[in-house]
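I opened a new page for this structure. These are my entries, in the order I looked things up.

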Amino acid sequence: MTLPANSKAFTDELPPEEAQAVANQLRQVLASARAGEAELYSHSRNDEKVKIDLHPLVSDVLIDLLRLIGSGDAVTLVPISKKLTTQQAADILNVSRPYFIKLLDEEAIPYDYVGRHRRIMAHDLFEYKKRRMKERAAALDALGAVDGEML
């Protein structure tokens, strides 16, 4: 997958078992701290203990990230304020570039031109992805209801 300039691929390979174990351990510590069962501390340069209070948003993101690493998944971060190429956006949606271009032509996702090339805001791409997931869930629910009526 081609990454935007401001994306960060942490590694080119899947996390080894040791990294997975550390990620799972740290995730449990963060979850305990968030639940009020533990507190987080760091040591400053002069060896004083400094309490770390994580905002719930930061804690949730870190726990989700550690859950992925702990399960052996590779992780790439994409800032939502950045513009993506059509290939990068297609890779994120796990579709072919020609199919993605068709979505743009159908105005399913907003885009701009930079010279002759289309650019998609990551925020718009992720909004489309959320809409698509909701539509799929609704279609599956409807299919399940029809299937239940036939039994």
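**Contacts of Gln-20**

I looked up Gln-20 and, leaving aside its neighbours within four places in sequence, found it in contact (heavy atoms within 4.5 Å) with Pro-15, Ile-69, Gly-70, Ser-71 and Gly-72. I noted that this is a predicted model, where local features need pLDDT of at least 70, side-chain atom pairs count only at pLDDT 80 or more, and totals for chains, interfaces and linings use all residues. Residues are numbered from 1 along each chain as its sequence is written, and side-chain values use heavy atoms, with hydrogens and water left out.

**Tyr-41**

I then turned to Tyr-41, which touches Lys-49, Val-50, Lys-51 and Ile-52 when residues up to four places away in sequence are not counted. Tyr-41 and Lys-51 are ten residues apart in sequence, and I read 4.4 Å between their C-alpha atoms. The charged end of Lys-49 sits over the ring of Tyr-41, 4.8 Å from the ring centre; for this, NZ of Lys or CZ of Arg must be within 6 Å of the ring centre and within 35 degrees of the ring normal.

**Tyr-111**

I searched the whole structure for aromatic pairs and got one. Tyr-111 and Tyr-113 form this edge-to-face pair, at 5.7 Å centre to centre and 80° between the planes. Rings of Phe, Tyr and Trp (its six-membered ring) pair if their centres lie within 6.5 Å; planes under 30 degrees apart count as stacked, over 60 as edge-to-face and the rest as tilted. I also found Arg-118 over the face of Tyr-111, 5.2 Å from the ring centre.
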